[in-house]
Amino acid sequence: MRVLVVEDERRMAAALRRGLQAEGFAVDLAHDGNEGLHLARVGDYDVVVLDIMLPGMSGYNVCKQLRAEENWVPILMLSAKDGEYDMADGLDLGADDYLTKPFSYVVLVARLRALLRRGGGRRPSVLRAGDLSLDPAARAVTRGEAPVELTPREFALLEYLMRRTGEVVSKPEILEHVWDTYDTDPNVVEVYVGYLRRKIDTPFGRAALQTVRGAGYRLASDGG
C-alpha cells in the first residue's frame, strides 16, 4: 500500500520510511505542509501520515484543505502535541486518527492497517478470494488449509491484487504501489506474477491470477 509521510524532522521521516518499507509499504516523503498538500492532491495514496507542526502550512490546515476538496484519503496525524484539545482539533478537522510522539512503532503500523481497512471502501482485516486468504497483520497466506510461503515482494504484490479483486490492474499501477517507482523495468511485474502463480495457483490446480492481454492482470474474485 502507498503511504505519504509529511514530517519536517528529516531523521524521523527517514526512519519512518525505512520501517514502513520493511513492512511492505511504498512510501513517499514531504518535509513541509505545502509540499505535503501538493503530493496528497496529485498522488494516489492509500493513507497519509501527517505531522502537525510543519513549515509553510500546518498539518491542521493541510487536513482541512484536503477535506474541503472532498479528498477522503485516510489521515493519521502524528504530533508531539498531546493535549486533549489538540487531538480533538485534529479529529474535528477530518483526521481519521491521532498518535502522539514518542510513539510505539508497532502501534503506528497497526493503526495504519486499521485505517486501510476502513478507508476508501471495503477493507476487511483478512483478504479473501475464494479459498485464497491473506492476513496483512499476520503476514500469512493460505490456500484452503495449506499455508503458502511468499517473499516480502510477492506478499506485497498479492496484497495489492487482492485489495482489487476482480479489477484489471496495469503494470504501471503495480510498479507504483508495490515497487514504489515508475522507473523499474515493467517486465519485473511479469516475472513476479509468474512466481506468484507457481505458489498460489499451480500446486492447487487453480488459475486465479489472470493475464488480461494489453491491459494488465486480474485476480479472480472466486479464487480461480
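Student: Which residues is S79 in contact with, leaving aside its neighbours within four places in sequence?

Tutor: This is a predicted model, so read contacts as computed from it. S79 touches D51 and I52, and also Y98, L99, T100 and K101.

Student: Where is S79 found?

Tutor: S79 lies in strand β4, which covers residues 75-79.

Student: Is S79 buried or exposed?

Tutor: Compare the relative accessible area with the cut-off: under 20% is buried. S79 has 0%, so S79 is buried.

Student: Next, helix pairs. How are two packed helices described?

Tutor: By the angle between their axes and the distance between the axes. Take α6 (residues 152-162) and α7 (residues 171-178) here. Their axes come within 10 Å and cross at roughly 120°.

Student: What is the handedness of the crossing of α6 and α7?

Tutor: Right-handed.

Student: Which residues meet where α6 and α7 are in contact?

Tutor: From α6, R153, A156, L157, Y160 and L161. From α7, E173, I174, H177 and V178. By class, the contact holds six nonpolar residues, one polar and two charged.

Student: Which residues in α8 are buried?

Tutor: V188, V189, V193, G194, L196, I200 and D201.

Technical notes
Residues numbered from 1 in each chain as written. Predicted model: local features only at pLDDT ≥ 70, side-chain atom pairs only at ≥ 80, totals over all residues. Heavy atoms only, no water. Axes fitted to C-alpha atoms, helices over the stretch in contact; angles between N-to-C directions. Helix = DSSP H or I, 4+ residues; strand = E, 2+ residues; numbered from the N terminus. Left-handed = near helix turned anticlockwise from the far one by under 90°. Contact = heavy atoms within 4.5 Å. Nonpolar A, V, L, I, M, F, W, Y, C, P; charged D, E, K, R; others polar. Buried < 20%, exposed > 50% of the residue type's maximum accessible area, 1.4 Å probe, protein only.
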